[in-house]
Amino acid sequence: MTEYNFAYLDEQTKRMIRRAILKGLAIPGYQVPFASREMPMPYGWGTGGVQVSAAVLTPDDTLKVIDQGADDTTNAISIRRFFEKTAGVAVTEATSDASVIQTRHRIPEEPLRDDQILVYQVPIPEPLRFLEPSEVETRKMHSLEEYGLMHVKLYEDISQHGAIATAYAYPVKVEGRYVMDPSPIPKFDNPKLEMAAIQLFGAGREQRIYAIPPYTQVVSLDFDDYPFEATKADHACDLCGAEDSYLDELIVDDAGARMFMCSDTDYCAKRRAQGHVGAQAAEDAA
Amino acid sequence: MYVAVKGGEAAIDNAHAWLAEERRGDPGTAELSVAQIREQLALAVNRVMAEGSLYDADLAALAIKQARGDLIEAIFLIRAYRTTLPRFGGSKPVETDKMACDRRVSATFKDAPGGQVLGPTFDYTHRLLDFKLMADGAVPDATHADALAQDTPHIMGFLDREDLIQPEPAGDDTPPDLTRTPLELPADRALRLQSLTRADEGFILGMAYSTQRGYARNHAFVAELRIGTVAVEMDIPELGFAIEIGEITLTECETVNQFKGSKTEPPQFTRGYGLVFGMTERKAISMALVDRALRWKELGEDDLGAPAQDEEFVLYHADNIQATGFLEHIKLPHYVDFQSELELIRKLRREAQSTHEAAE
């Protein structure tokens, strides 16, 4: 696809995005406005992540794209193909082989290294958005570090439900300053936000980029008497037997029987290749 | 044994091949040419150019063909193409008072220099299906008149001369470019107008209509609506002067709205403005009404809490490409998030039940 520049965006645009990324890394958790471009895929389908990936990719990179933890979901395939076509970079499904990983809704189970970049697709970057619809107001709240509203919301959850009723896109505080939306990852993934890799967040429609530099402190908001708890389905993976991975729940027959399997397809496949066996595989073997 | 769902790649390829067949329709009927769409579906082409922010009738017609007539999809194709084009610079402001008008009507004066020119309008047609068009598209020749030799002056100019209408500050500043810098609020009027002119026609129409029905009512007279061609000129640094780089069709609407005044200032009419690519008069009139409603602050009016007065509400929700993308993304898999909610709700229900049982 030679009629487009490497990784689709022109160099001026990439420079503009790289500046926003650098600013984001310099002010962890702060939402940097950037002049998001119209991409050849719809807003809300990863245009922010795609622009960030396009700006950081080099011809030597190896790219992995996941959606819901899986490499074979249709939108992940579509984005991976886009970069194969426009950047001609190597692609992989193996987390450890990738230098850039674009993700939607998950952090890979395998710990990332300091030579890797994790790019998140973000629908609504503003953690305060559903408490205050106005962008003018929420920007003011961030600059004044005025996060009382968020604590009131969490408190109201506890008084109404007996627990904090946020299961994904669970708000965090970055390096003791900015409250940040980690994108709609399940709260199971929140503890992984403190990692060796660079984490970049791109929200195309909302025109915002933000970042977490390596080894930055990321604290999930909670109360002393209601501490944050990373949760997952109380099962092991039926395919590989993993007890430490986030699980998808599948309905497997008309009677509504369920099975559970790793949402991270690469993690699950690797474990099975190593000989780990889940309940279902054991059953089939018997 | 359960085998994980694979085959996404093949599914995508097959879906797109099927789409291509559906787009073509029955091969027994003649295929539409881009020229046919450009010539015979010109108002659809105009809308795609306006909301796609790219003045190219052939590309807009191609987009309509490719999008199977879905205009928002066609606008999306044009936007995605447009964003890859380099920006050479800004033109000089177009001189709409030098417009070669195909249509020019005023609702405020019965007659004025330049006259009332109905032009090719649906107005006053009776909306009766013309079954003849099912068989035969031949049309009788319309009568011709010579073009006016002189320019058609703006009606607003006559009100200006009497100081009856609030003056607009002139400025040589290059207006901001919504496609190159992120929208930040508060937006100045130039930026708002830029956003409105590419905004979704239906959204702007609804917003304008809401002002007519009392949500920040500001009764608008259409002082003038004109449609025609104007020259686009650009300064070429190497030449040291401006040259004409092309000609475009525009629709311009200027409204005269309720006056304002105070103890110190005599009352003056206020204005709203709409300017849109192509023959797009519904959009241009709507734009003028919404522009006027958004000006409440600078004109010292009260915030009535109406949607059309809320700059953030209007500008953040008027773009149909942003809106449709985000709306339709909820078709994408969300099983990870849903799973986390499933677990949470099961846990909350378990706890509620055990509390309930313990109480009994």
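Let's start with what covers the buried residues of helix α4 in chain B: the cover includes α2 (34-40), α3 (42-52) and α5 (71-82) of chain B. Helix α4 of chain B spans residues 57-66, and its buried residues are B:L59, B:A60, B:A61, B:L62, B:A63 and B:I64. By buried I mean that 20 or more other C-beta atoms lie within 10 Å of a residue's own, while 12 or fewer is exposed and in between is partly exposed, with C-beta atoms placed from the backbone. Helices (H or I, at least four residues) and strands (E, at least two) are DSSP runs, numbered from the N terminus. Just after α4(B), B:R68 takes a positive phi of about 55°.

A word on what we are looking at: this is a predicted model, where local features need pLDDT of at least 70 and side-chain atom pairs count only at pLDDT 80 or more, while totals for chains, interfaces and linings use all residues. Residues are numbered from 1 along each chain as its sequence is written, and chains are lettered from A and ligands numbered from 1 in the order in which they are written.

Now let's step back to the whole of chain B. There are 13 helices and 4 strands in chain B. Its radius of gyration, taken over C-alpha atoms, is 26 Å, well over the 21 Å that the globule rule gives for 360 residues, so chain B is more spread out than a compact globule. That rule is 2.2 Å times the number of residues to the power 0.38. Along the principal axes, the C-alpha atoms of chain B fill a box of roughly 85 × 65 × 55 Å. Of the 360 residues in chain B, 30% are buried. Two residues are in contact if their C-beta atoms, placed from the backbone, lie within 7 Å. Among the contacts in chain B with a separation of 6 or more, 64% are between residues 24 or more positions apart.

Strand β3 of chain B, residues 241-260, runs antiparallel to β4(B), joined to it by 9 bridges. Across from B:V276 in β4(B) stands B:T251.

Over to chain A, where 7 strands form an open sheet with mixed pairing, in the order β1-β9-β8-β5-β4-β2-β3. Its edge strands are β1 (32-33) and β3 (90-91) of chain A.

Setting aside residues up to four places away in sequence, A:L200 touches A:I21, A:V52, A:I117, A:V119 and A:A211. From A:L200 to A:L22 is 178 residues in sequence and 10.0 Å in space, C-alpha to C-alpha.

Finally, where do the chains meet? The contact takes 50 residues from chain A and 39 residues from chain B. On the side of chain A that touches chain B, α3(A) gives the most, with 4 residues. Helix α3(A) packs against helix α1 of chain B, residues 8-24, at an angle of about 80°, with axes 9 Å apart. Those axes are lines fitted to C-alpha atoms, for helices over the stretch in contact, and angles run from 0 to 180 degrees between N-to-C directions. The two helices, α3(A) and α1(B), are therefore roughly perpendicular to each other, a label for angles of 65 to 115 degrees, where under 35 is roughly parallel, over 145 roughly antiparallel and the rest oblique. At this crossing, A:T74, A:I77 and A:S78 in α3(A) meet B:G8, B:E9, B:A11 and B:I12 in α1(B).

Definitions and conventions:
Two strands pair if DSSP finds at least two bridges between them.
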